Amino acid sequence: MKNKYRILKIAITVILLGFLLSFSLKKFSGQKITDNKISVKLSEKTPVYFVDEKDIREIVKKENPSGKVGDLNIPSLEKKINALPAVDSANVYLNLNGKLNLDIKQRVPVFRLNKEGRDFYVDEKGVEFPISKTYSHPCMLVTGNVKPDEYEKLAELVGKIDKDDFSKRYFIGISKDKDDYNLLTSEGNYKVEIGDLDNIEFKVKGFKAFVEKYLVYQDPQKYNMISVKYQNQIVTTLNPYFKENDSILNAGRKELAKAPIATAMKKTEPKTKTKEVKKQNSTSKQKESTKPKTTQPKETKKIAEKKPAAKPKGKVKIE
């Protein structure tokens, strides 16, 4: 009997709990989500303003026209917000008091790329997203035919430039010419050629050493390009429009003008050598002819046969 009473008590409590739960759920689902019950949090380390809170609230209203908690499809709303180009991730959830929370993380541009006449941003993950009409984020400008598989490496390069005070002061942009990358500088009209995106730290250190030990004492207008893409060496190209470079460039032109004459002289040298060789051969032949040879009788017989028949003045003795 005691067991029956216990089972009956348990059954009654479960029924009561189920009734209270269904009542509370009906009451909860019937609640309306008003504007003051919608909380939109935009959390980023770097403040950006691509996503507007008003736009998010409008999306919530479109997804739930009735405004009731029971009619809200949270997975669908979360998917809708994640589909926005400037949104990196979104988390949507409800509290027990009927408050709707939307935690949104926006994409932070690392650089702005101008490619084939089209401008767009690229974040640290190498993801493209369009430029906003209402907000422009300050970041490094990159131009050229950059491939999508190079976005992440390029983002790493820009991140290193932003963290280093020296690089941030000198480099204001990046351009790609064919397969080589160039860093555009704030001083002078020269660019720094780095080649590919490998060993970036070593290349930047090389340029830094060149600036501190040499370029500080020179006019920045003197150079057109400073190349650090070669291992353990720096190659500079002079600016032809800089007046102080005229003497250096003219000297270089004179050396180039002398180069054809030198090559012509080199070409004539083999002829003179051949003449000398011929003279040497002729002299050596004369010396050889003066020396007596044991095989001489055979040669004289051949010569005598070839000559026309004539009366010999005397007998020729061959020793």
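Colleague: Is N199 buried or exposed?

Modeller: Bearing in mind that this is a predicted model, N199 is exposed, because its relative accessible area is 58% and the cut-off for that label is over 50%.

Colleague: And where is N199 found?

Modeller: N199 is in the loop between strand 10 (191-195) and helix 6 (200-213), and its phi is near 55 degrees, a positive value in a residue other than glycine.

Colleague: What is the place of E116, then?

Modeller: E116 is in the loop between strand 4 (109-115) and strand 5 (118-123), and with a relative accessibility of 72% E116 counts as exposed.

Colleague: Let's go to another asparagine. Is N182 buried or exposed?

Modeller: N182, which is found in strand 9 (residues 180-185), counts as buried, at 3% relative accessibility.

Colleague: Which residues does N182 touch, leaving out those up to four places away in sequence?

Modeller: With those left out, N182 touches G173, I174, S175 and D177, and also K191, V192 and E193.

Colleague: Switching to helix 2, which of its residues are buried?

Modeller: In helix 2 (residues 53-63) the buried residues are I56, R57, I59 and V60. Seen down the axis of helix 2, these buried residues fall within an arc of 155 degrees, so they line one face of the helix.

Colleague: What do the buried residues of helix 2 pack against, and which exposed residues are on the face turned away?

Modeller: The buried residues of helix 2 pack against strand 1 (38-42), helix 3 (74-82) and strand 3 (100-106), while the face turned away from the buried side carries the exposed residues K54 and K62.

Colleague: Now the aromatics: how many pairs does the structure hold?

Modeller: The structure holds 12 aromatic pairs. One of them is formed by Y49 and Y135, an edge-to-face pair with 5.5 Å centre to centre and 85 degrees between the planes. This pair links distant parts of the chain, 86 residues apart, with Y49 in the loop between strand 1 and helix 2 and Y135 in the loop between strand 6 (128-130) and strand 7 (140-143).

Colleague: Are those two buried or exposed?

Modeller: Y49 counts as exposed at 54% relative accessibility, whereas Y135 is buried, with a relative accessible area of 16%. Another pair is F171 with F207, whose ring centres are 5.5 Å apart and whose planes are at 35 degrees, so the pair is tilted. F171 lies in strand 8 (residues 171-177) and F207 in helix 6, so this pair ties together parts that are 36 residues apart in sequence. F171 counts as buried at 3% relative accessibility, and F207 counts as buried at 1%.

Colleague: Which residues form the aromatic cluster with Y49?

Modeller: Y49 forms one aromatic cluster with F50, Y121, F129 and Y135.

Colleague: Last one: what about the chain overall?

Modeller: The protein chain has 8 helices and 12 strands, and buried residues make up 27% of its 319 residues. Of the contacts with a separation of 6 or more, 50% are accounted for by residues 24 or more positions apart.

How values were computed. Residues are numbered from 1 along each chain as its sequence is written. This is a predicted model: local features need pLDDT of at least 70, side-chain atom pairs count only at pLDDT 80 or more; totals for chains, interfaces and linings use all residues. Side-chain values use heavy atoms; hydrogens and water are left out. Helices (H or I, at least four residues) and strands (E, at least two) are DSSP runs, numbered from the N terminus. Buried means under 20% relative accessible area, exposed over 50%, partly exposed in between (1.4 Å probe, protein chains only). Contact means heavy atoms within 4.5 Å. The arc is that of the directions from the helix axis to the C-beta atoms. Rings of Phe, Tyr and Trp (its six-membered ring) pair if their centres lie within 6.5 Å; planes under 30 degrees apart count as stacked, over 60 as edge-to-face and the rest as tilted.
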